[in-house]
Amino acid sequence: MDKEDDNGANKLVKMQRTNRNYMESDPERLTLSSLGKVGKSSGEIGGAEEPLLNGVHSSERYSVLAAILPFFFPALGGLLYGYDIGATSCATISIESATLSGVSWYNLSSVEIGLITSGSLYGALIGSILAFNVADFLGRRRELIAASILYLVGALVTALAPDLAVMVIGRFVFGIGIGLAMHAAPMYIAETAPSKIRGRLISLKEFFIVLGMVAGYGIGSLLVDIVAGWRYMYGASSPLAVIMGIGMWWLPASPRWLLLRAMQGKGNMQELRDLAISCLCRLRGPAFGVSAPEEVDEILAELSYVGDNKEVPLWEMFQGKCLKSLTIGAGLVLFQQITGQPSVLYYAASILQSAGFSAASDATRVSILLGLLKLIMTGAAVLVVDRLGRRPLLLGGVSGMVISLFLLGSYYLFLDDVPVVAVVALLLYVGCYQLSFGPIGWLMISEIFPLRLRGRGLSIAVLVNFGANALVTFAFSPLKAWLGAGILFYAFGAIAVLSLIFIFFVVPETKGLTLEEIEAKCL
């Protein structure tokens with residue numbers, strides 16, 4: 001143990017002694033020294049007692065009303081990400097129109113259109129890399145404030161762009177905001193939400209992403225016939241970015257991030273503990289005030305037990321429990337992207353049109369239709385995730401995706417005269433994805449990383465997510481030309497089977513556990 005770790009441990013011991021003197025005057029409070037005497041968990045190692053890692057906690061009182069805003073403002077980062085996806089699909093139609101673009105440079109090549117549509121994706125990749133280096137220094141709250149500023153600047157630069165080069169720069173800046181927001185939002189929500197509703201709240205963030213997509217498609221369809229409508233589409237996200245920034249400025253810092261800094265000797269232990277108590281009271285509401293010191297001390301004791309008083313060197317991230325959490329998190333988001341979702345949605349319009357739906361010729365209407373289905377199924381996942389658990393939703397949903405992918409492959413190879421098969425497979429795929437990989441992937445990566453690794457680990461997972469997204473997007477067209485749609489969907493089905501095996505043998509159940517219990521029991 002190095003000198004910094006000794007200092008952090010000494011500070012904790014001194015703080016514990018202070019707490020003991022304070023709590024002796026109040027018999028209703030638990031002392032830190034008693035935290036390890038509550039009981040033993042099934043994950044006990046070598047006969048050591050785990051402090052409160054057996055599921056027995058102080059009553060986790062909270063106000064539902066107080067829990068809304070710490071979820072809502074970070075979730076706006078997801079809504080803006082979804083809105084960008086929906087609005088861009090309509091903006092490219094507007095900007096290529098000779099009569100409606102309102103610019104002289106409307107005659108764009110496929111590469112230039114690609115830069116507009118994927119500019120934010122490239123920015124998100126850079127944002128994920130930046131998050132790896134600055135996340136634990138800035139903290140979750142300030143990272144989200146930075147994301148809101150980048151969202152605002154990117155939206156305004158894109159909307160007011162005098163030429164293509166400036167527009168692409170604006171898309172890139174907006175994308176960096178996406179990378180930071182999609183990294184920090186699930187962390188902030190996970191670290192501030194009561195464990196009883198943590199799964200529901202983080203899954204609801206995925207609902208906000210889908211809601212943003214539907215809003216983007218809807219607003220885009222209303223503005224697509226207006227001269228320079230694309231400017232209004234991109235500019236429309238500016239007010240939400242301002243609201244997100246003001247909201248995050250008002251919200252307190254994550255108490256767990258403050259306690260991590262205290263444990264690692266990056267500030268005065270007592271001052272950071274008191275600040276964490278104050279933040280926790282604001283996050284949980286007035287009813288929680290009496291229990292806040294007790295929960296903070298529980299978290300400190302659990303962090304000390306699992307070793308979160310030590311910083312993780314870069315090489316250690318690929319060893320032991322750090323490697324296991326990286327495998328789970330990165331594996332989930334990788335399979336989330338390479339099981340064919342962009343490809344299935346690419347064929348949505350032609351599938352519905354072949355089945356006789358006249359509206360299918362309008363790609364925007366198809367997008368809105370599927371977006372509404374996504375909303376419904378994501379809402380269903382939100383309602384049951386904390387009751388059924390993460391694994392049942394993943395295993396059940398991905399099983400449905402496997403069936404739908406093999407049905408789609410069979411349709412394009414053998415059953416092209418039975419379009420109802422393709423329609424059923426399409427709807428089954430979209431619904432099952434939104435029950436499983438859609439919300440649960442983001443939920444699991446926000447829970448599975450140890451606190452001292454969470455900032456860097458989540459940035460790697462987000463980087464894998466956007467990188468795999470880019471890979472699938474670019475590889476789809478050449479693979480379709482080489483293999484044909486039928487074989488390609490069979491290949492996605494085989495990958496989905498591999499993802500089922502991965503989930504069954506590697507991904508743990510985290511329902512009802514605190515973040516510290518997940519680290520102790522699941523890794």
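Student: Which helix gives the largest share of the lining of the largest cavity?
Tutor: Happy to start there, keeping in mind that this is a predicted model. The lining includes Ala67, Pro70 and Phe71, along with Ile189, Thr192, Leu283 and Arg284, among others. Two or more lining residues come from each of helix 2 (64–95), helix 5 (164–192) and helix 10 (269–284). The largest share, three residues, belongs to helix 2.

Student: How much space lies in the largest cavity?
Tutor: With a cut-off of 30 Å³ or more, the count comes to one cavity. The space in the largest cavity is about 50 Å³.

Student: And the largest pocket: which helix gives the largest share of its lining?
Tutor: The largest pocket holds about 1,700 Å³ of space. Its lining has 48 residues, and those nearest the centre are Ile85, Tyr217, Pro342, Asn469 and Thr473. The largest share of that lining, eight residues, is given by helix 19.

Student: Good, now the salt bridges. Which residue meets Arg140 in a salt bridge?
Tutor: The model has eight salt bridges. In the one formed by Arg140, the N to O distance is 2.8 Å, and its partner is Glu191. Arg140 lies in helix 4 and Glu191 in helix 5, so this pair ties together parts 51 residues apart in sequence. Both ends are buried, Arg140 as well as Glu191.

Student: How far does helix 4 reach from its first C-alpha to its last?
Tutor: Helix 4 covers residues 140–159, which is 20 residues. Its buried residues include Arg140, Leu144, Tyr151 and Ala159.

Student: Is Met167 buried or exposed?
Tutor: Met167 lies in helix 5. Its C-alpha is separated by 9.7 Å from that of Leu156, 11 residues away along the chain. The relative accessible area of Met167 is 1%, and under 20% is the cut-off for this class, so Met167 counts as buried.

Student: Which residue forms a salt bridge with Asp297?
Tutor: The closest N and O atoms of this pair are 2.9 Å apart, and the partner is Arg273. The bridge ties together parts 24 residues apart in sequence, because Asp297 lies in helix 11 (residues 292–306) and its partner in helix 10. Asp297 is buried at 2% relative accessible area, and at 5% so is Arg273.

Student: Which residues are linked with Arg390 in a network of salt bridges?
Tutor: Arg390 forms a salt bridge with Asp386, with the closest N and O atoms 3.1 Å apart. Both of those residues are buried. In the network, Arg390 is linked with Arg198, Asp386 and Glu447.

Student: How far does helix 17 reach from its first C-alpha to its last?
Tutor: Buried residues of helix 17 include Val421, Ala425, Tyr429 and Cys432. Helix 17 has 17 residues, for which 24 Å is expected at 1.5 Å a residue. Its reach is close to that, at 25 Å.

Note on methods. Residues are numbered from 1 along each chain as its sequence is written. This is a predicted model: local features need pLDDT of at least 70, side-chain atom pairs count only at pLDDT 80 or more; totals for chains, interfaces and linings use all residues. Side-chain values use heavy atoms; hydrogens and water are left out. Helices (H or I, at least four residues) and strands (E, at least two) are DSSP runs, numbered from the N terminus. The expected span of a helix is 1.5 Å times one less than its number of residues. Buried means under 20% relative accessible area, exposed over 50%, partly exposed in between (1.4 Å probe, protein chains only). On a 1 Å grid over the protein atoms alone, a cavity is a set of points where a 1.4 Å probe fits but cannot get out, and a pocket is an open set with protein on both sides within 12 Å along at least five of seven lines; lining residues have an atom within 4 Å of a point. Grid points are joined across faces, edges and corners, and a volume is the space filled by probe spheres set on the points. A salt bridge is a side-chain nitrogen of Lys or Arg within 4 Å of a carboxyl oxygen of Asp or Glu.
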